[in-house]
Amino acid sequence: MTVEVLSGKSKFDEVINSGNVIFVDFWATWCGPCRMISPVFDKLSEHHENNPDVRFYKVDIDAEMEIAEEVGVRAVPTFLAFKDGNKIGSFVSAEPKGLQALISQHAGAAKPSAY
């Protein structure tokens, strides 16, 4: 599954209100830990490539300050999970096991698929 870059507040709102479980990596280009955990986020997204109800995105906090402020990002990397426009989980760290736990816990919140 490809991790998509989210640009623009309206697109962000559309994605998090899509009815799918949405995982978002809030990162910054100057953040070393963000660059270290990014491949882990990408790899974890591949485990859900056959589930159309789970999606993965990235938001650059410097390019999309309005989005970062709205959801309360105070440190990077921050990973947030959304469903139906509501934040259902968060993890703030570059620790792979914690990120994996966030995704495992909330990917199950996706509606059952007929695949």
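A residue is called buried if its relative accessible area is under 20%, exposed if over 50%, and partly exposed in between (1.4 Å probe, protein chains only). The model is predicted: local features need pLDDT of at least 70, side-chain atom pairs count only at pLDDT 80 or more, and totals for chains, interfaces and linings use all residues. Residues are numbered from 1 along each chain as its sequence is written, and side-chain values use heavy atoms, with hydrogens and water left out.

**Exercise 1. Aromatic rings**

Task: Classify the pair Phe23 and Phe56, and then the pair Phe41 and Phe56.

Solution. Step 1: A pair of aromatic rings is described by the distance of the centres and the angle of the planes. Rings of Phe, Tyr and Trp (its six-membered ring) pair if their centres lie within 6.5 Å; planes under 30 degrees apart count as stacked, over 60 as edge-to-face and the rest as tilted. The structure holds 5 aromatic pairs.

Step 1: The ring centres of Phe23 and Phe56 are 5.2 Å apart and their planes stand at 25 degrees, so this pair is stacked. Phe23 belongs to strand S2 and Phe56 to strand S3 (residues 54-60), so the pair ties together parts 33 residues apart in sequence. Helices (H or I, at least four residues) and strands (E, at least two) are DSSP runs, numbered from the N terminus. Both Phe23 and Phe56 are buried.

Step 2: For Phe41 and Phe56, the values are 5.4 Å centre to centre and 70 degrees between the planes, and the pair is edge-to-face. Phe41 in helix H2 and Phe56 in strand S3 are 15 residues apart, and their pair links distant parts of the chain. Phe41 is buried, as is Phe56.

Step 3: Phe23, Phe41, Phe56 and Phe79 form one aromatic cluster.

**Exercise 2. Two helices**

Task: Describe how helix H2 and helix H4 pack.

Solution. Step 1: Axes are lines fitted to C-alpha atoms, for helices over the stretch in contact, and angles run from 0 to 180 degrees between N-to-C directions. Helix H2 (residues 32-46) packs with helix H4 (residues 96-107) at an angle of about 30 degrees, and their axes are 10 Å apart.

Step 1: Angles under 35 degrees count as roughly parallel, over 145 as roughly antiparallel, 65 to 115 as roughly perpendicular and the rest as oblique. H2 and H4 are therefore roughly parallel to each other.

Step 2: Contact means heavy atoms within 4.5 Å. On H2 the contact is made by Ile37, Val40, Phe41 and Leu44, and on H4 by Pro96, Leu99, Gln100 and Ile103.

**Exercise 3. The surroundings of Trp27**

Task: Locate Trp27 and state which residues it touches.

Solution. Step 1: Trp27 is found in strand S2 (residues 21-27). Its relative accessibility is 24%, so Trp27 counts as partly exposed.

Step 1: Leaving out residues up to four places away in sequence, Trp27 touches Cys34, Lys58, Val59, Asp60, Ile61 and Val76.

Step 2: One of these partners, Val76, is joined to Pro77 by a cis peptide bond, with omega near 0 degrees. Pro77 lies in the loop between helix H3 (65-71) and strand S4 (78-83).

**Exercise 4. A backbone angle**

Task: What is the phi of Asp84, and where does this residue lie?

Solution. Step 1: Asp84 is not a glycine, although its phi is positive, at about 55 degrees.

Step 1: The loop between S4 and strand S5 (86-92) contains Asp84. With 46% relative accessibility, Asp84 counts as partly exposed.
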